[in-house]
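Welcome! Take a moment to look over the sequence and the model, and then we will walk through a few of its features together.

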Amino acid sequence: MGYNKYLKWFAVASTVGMLLILLGGALVTKTDSGMGCGRHWPGCNGQLIPDVITAEVLIEFSHRLVTGSVGILILILAVWSWKSIGHIREAKFLSVMAVFFLILQALIGAAQVMWGQGDFILALHFGISLISFASVLLLTLLIFEVDKKFDAENVHIGTTLKRHTIGVAVYSYFVVYTGALVRHTDSSLACKDWPLCNNTAFELPRNLYEWVQMGHRAAAALIFVWILVIAIHAIKHYKDQRVFYWGWIIALILVSGQALTGMIVVLTKLNLYFALLHSLLITLLFGLITYMILLVSRNRTMK
């Protein structure tokens, strides 16, 4: 049975809104606009609406407005989903996760503005938002009954694919954290060459910034190889199960784009558009992997 069309549109709007929150947060970080409103929250520079508008103020204040507005959408979506699709096993859990982690990321952002936070704590901010996005995305997929369209209700997952899926999901979050750490420690241009820090000579990183940068590159390289292995496995063994066959092919395309944009960001010395595309691709990849985790959690057949 199809669900209320208004619920579907509301779910789409909430998912797009979460994407805007994630990209807005990345924009704030990449443009160093985090203190655009000074040490004031939820107001901006001591005012409810700032009367002096600079680029930093516009970026930071707009991000706050989007976060607040989308937060209301997600709260409504969570309650609506609880009532409309609460009979689906994951719906109530995802509703709680979407709201909880959205509030948590907002509080961390507020704490940074009011009191400041260490770089290693701030790096968690993007990842926490990512969990909220993934929860909203999965709710949207359930509302649109994607499971039925791809016959995902009757999947059979072998032990190998199951273990790979769980492992790469956990590891992808670590990769996200290392990428956020690069931004928050100002390590983005610590290594101006690619793929090595210095292509003229192989040597270990010489300071913390180079270790952070090269650590992220190594982590990103490993997830690319890992998803390539999973995609090959899915192509060989899951041609009759479209959700896995196409899911991991799309994951490989996304992680390839992630690696490519990461390289371009370094070589163009932090081009803003490629940097935001880099954030968008990891967001979509993480959302796709969490859907695979949902399917794994439903599977009862071990091969």
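Is the crossing of α2 and α3 left-handed or right-handed? In this predicted model, the two helices cross in a left-handed way.

## How α2 and α3 pack

Two packed helices are described by the angle between their axes and by the distance between those axes. Here, α2 covers residues 55-84 and α3 covers residues 91-115; the angle is about 160° and the axes lie 9 Å apart. Angles over 145 degrees count as roughly antiparallel, and α2 and α3 are therefore roughly antiparallel to each other.

Where do they touch? On the α2 side, the residues in contact include Gly 71, Ile 74, Leu 75 and Trp 82. Among their counterparts in α3 are Ser 95, Val 99, Leu 102 and Val 113. Sorted by class, this contact has 9 nonpolar, 5 polar and 3 charged residues.

## The largest nonpolar core

Now for the inside: the largest nonpolar core has 66 residues. Those with the most contacts inside this core are Met 18, Ile 227, Phe 244, Trp 248, Leu 285 and Tyr 291. Helices that each supply at least two of its residues include α2 and α3, along with α1, α8, α9 and α10.

Leaving aside residues up to four places away in sequence, Phe 244 touches Val 155, Ile 157, Leu 161, Ala 234, Tyr 238, Met 292 and Leu 295.

## A stop in a loop

Finally, look for Met 35 in the loop between α1 and α2. Met 35 counts as partly exposed because its relative accessibility is 37%. From Met 35 to Ser 172 there are 137 residues in sequence and 29 Å in space, C-alpha to C-alpha.

Technical notes. Residues are numbered from 1 along each chain as its sequence is written. This is a predicted model: local features need pLDDT of at least 70, side-chain atom pairs count only at pLDDT 80 or more; totals for chains, interfaces and linings use all residues. Side-chain values use heavy atoms; hydrogens and water are left out. Axes are lines fitted to C-alpha atoms, for helices over the stretch in contact, and angles run from 0 to 180 degrees between N-to-C directions. Helices (H or I, at least four residues) and strands (E, at least two) are DSSP runs, numbered from the N terminus. Angles under 35 degrees count as roughly parallel, over 145 as roughly antiparallel, 65 to 115 as roughly perpendicular and the rest as oblique. A crossing is left-handed if the near helix is turned anticlockwise from the far one by less than a right angle, and right-handed if clockwise. Contact means heavy atoms within 4.5 Å. Ala, Val, Leu, Ile, Met, Phe, Trp, Tyr, Cys and Pro count as nonpolar, Asp, Glu, Lys and Arg as charged, and the others, Gly among them, as polar. A nonpolar core is a set of buried Ala, Val, Leu, Ile, Met, Phe, Trp, Tyr and Cys residues joined through side-chain atoms within 4.5 Å. Buried means under 20% relative accessible area, exposed over 50%, partly exposed in between (1.4 Å probe, protein chains only).
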